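Subject: Structure handover

Hello,

Here is the structure I promised you. Please open it before you read on.

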Amino acid sequence: MKLTKLDKACRIAIVDCMAAKKIEKILVVTDELTNEIGKALYLNSLDLGLESLYVEIRSWETHGQEPPRYVSELMKQFDVVLLPTRKSLTHTKARRDASKLGVRVATFPGITTDVMIRGLSADYKKIAALTLKMKKIFERTDDVRITAPNGTDISLKIGGRTAIASKGLFHKKGEGGNLPTGETFAAPIEGSANGVFVVDGSMSGIGVIGAQPIKIEVEKGYATKITGGAKAKKLIQMLDQHGKKARNIAELGIGANDKAKLNGNLLEDEKVLGTVHIALGNNITMGGSVNVPIHLDGVITKPTVYFDGKVVMENGKLLM
């Protein structure tokens, strides 16, 4: 079998990132919008001698929406589950239940061939070291402040929260995360966020922001006012389908993948080294208490980040 660039990326995902073994069973769940990657992962799993099952379902409406029950039950029966889908399954009960049983799960929300090839060409040992270092710093921090030239100035608390290093090497039972990856993130304490953040990179469900950023004003942990033209209106419409909980400040993350490029695909955009992202909606998957079927990340460029008053990123340059 002559390997294409996509094949090579799939094998890095299967062998290096997931450490799949010949005795293990692999499940690939995909949809009609991402099945090129789904089929490539499945065929490469077979070619590597792994027992594999391919399932293709219809794409669903929003990030965080639960898959059909039969898919949820299937996920529990495999050692490694690969989920290349247009909408994210990361923040779902189906993923959490499988992980609790020891299944290693990689989600590829919104994956494209270009993102797969580029994102999985990174040095994941280097990414693992950086994200784990950031995790330790996150977990020693209480107060966080983020500013940026675009008008961002928001403060929040993360004290006592377990940070997650999405390091790209998911070798132990129950480990998992996005692929391609490279970020460290945590759920801010509910009700602690106040200020404003301006999304000028990209936004889940919307794409690259362009000339008119989305300004999100925050009080006591909730987005209270969203402005910025047509894209802001689209964000409001997505959030309003799910009530107040959808406006919860759900996540603070810092990108750590030096191969990632801002292109409108949040799977890659939120991993870009030198950016931060703040998410709205569900945080129960990362140690919070807000359970709502939506999770939308907004990327902020050129941020300055203060952890307990100390600068850890200045104008997009990581100082950790």
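Where is Asn315 found? Asn315 is in the loop between strand E19 (310-314) and strand E20 (317-318). Please keep in mind that this is a predicted model.

Start with the backbone angles. Most residues other than glycine have a negative phi, and most peptide bonds are trans. Asn315 has a positive phi, near 50°. This residue is partly exposed, with a relative accessible area of 47%.

Ala19 also has a positive phi, near 50°. Look for Ala19 in the loop between helix H1 (5-17) and strand E1 (25-31). Ala19 has 17% relative accessibility. The cut-off for buried is under 20%, so Ala19 counts as buried.

Next, a peptide bond. The bond from Leu179 to Pro180 is cis, and its omega is near -15°. Pro180 sits in the loop between strand E8 (176-178) and strand E9 (183-186).

**The parallel sheet**

Now find the open sheet of five strands. Its order is E2-E1-E3-E4-E8, and the pairing is parallel. E2 and E8 are the edge strands, each pairing on one side only. From one strand to the next, the twist averages 10°. At one end of that order, strand E4 (residues 104-107) and E8 run parallel and are joined by three bridges. There, Thr107 stands opposite Asn178 in E8. Helix H2 (residues 35-47) packs on the sheet. This helix touches E1, E2 and strand E3 (80-83). The direction of H2 makes about 165° with that of E2.

Val55 lies in strand E2 (residues 51-57). With 12% relative accessibility, Val55 counts as buried. What does Val55 contact, leaving aside neighbours within four places in sequence? Its contacts are Leu27, Val28, Val29, Thr30 and Leu74.

**The hairpin**

Now jump to another strand. Val55 and Glu217 are 162 residues apart in sequence. In space, their C-alpha atoms are 41 Å apart.

Glu217 belongs to strand E13 (residues 214-219). In a regular strand the side chains alternate between the two faces of the sheet. In E13, the covered face holds Ile214, Ile216 and Val218. The uncovered face holds Lys215, Glu217 and Glu219.

E13 pairs with strand E10 (residues 194-199) in the antiparallel sense, over five bridges. In this pairing, Val198 stands opposite Lys215. E13 also runs antiparallel to strand E14 (residues 222-227), again joined by five bridges. Here Glu219 has Tyr222 as its bridge partner. E13 and E14 form a hairpin, with two residues between them. Lys220, in the turn, has a positive phi of about 50°.

**The cores**

In soluble globular proteins, nonpolar side chains tend to be buried together. The largest nonpolar core here has 45 residues. Which members touch the most other members? They are Phe197, Ile214, Ile216, Leu235, Ile254 and Phe307. Helix H7 (residues 230-240) gives the largest share of this core, four residues. There is also a second, separate core of 30 residues, which includes Ile111, Val115, Met116 and Leu179.

Leaving aside neighbours within four places in sequence, its contacts include Ile214, Ile216 and Val218 from E13. Thr152, Ile154 and Leu280 are also among them.

**Rings and charges**

How many aromatic pairs does a search of the whole structure find? It finds two. Tyr42 and Tyr54 form a tilted pair, 5.6 Å centre to centre, with 45° between the planes. Tyr42 lies in helix H2 and Tyr54 in strand E2, so the pair ties together parts that are 12 residues apart in sequence. Tyr42 is partly exposed, at 22% relative accessibility. Tyr54 is partly exposed as well, with a relative accessible area of 22%.

Phe138 and Phe307 form an edge-to-face pair, 5.2 Å centre to centre, with 90° between the planes. This pair links distant parts of the chain, 169 residues apart. Phe138 is in helix H6 (residues 124-138), and Phe307 is in strand E18 (residues 304-307). Phe138 is buried, with a relative accessible area of 1%. Phe307 is buried too, at 5%.

Finally, two charges over rings. The charged end of Lys25 sits over the ring of Phe78, 5.6 Å from its centre. Lys244 lies over the face of Tyr222, at 4.5 Å from the ring centre.

Best wishes

Key. Residues are numbered from 1 along each chain as its sequence is written. This is a predicted model: local features need pLDDT of at least 70, side-chain atom pairs count only at pLDDT 80 or more; totals for chains, interfaces and linings use all residues. Side-chain values use heavy atoms; hydrogens and water are left out. Buried means under 20% relative accessible area, exposed over 50%, partly exposed in between (1.4 Å probe, protein chains only). Two strands pair if DSSP finds at least two bridges between them. A nonpolar core is a set of buried Ala, Val, Leu, Ile, Met, Phe, Trp, Tyr and Cys residues joined through side-chain atoms within 4.5 Å. Contact means heavy atoms within 4.5 Å. Axes are lines fitted to C-alpha atoms, for helices over the stretch in contact, and angles run from 0 to 180 degrees between N-to-C directions. Rings of Phe, Tyr and Trp (its six-membered ring) pair if their centres lie within 6.5 Å; planes under 30 degrees apart count as stacked, over 60 as edge-to-face and the rest as tilted. A charge sits over a ring if NZ of Lys or CZ of Arg is within 6 Å of the ring centre and within 35 degrees of the ring normal.
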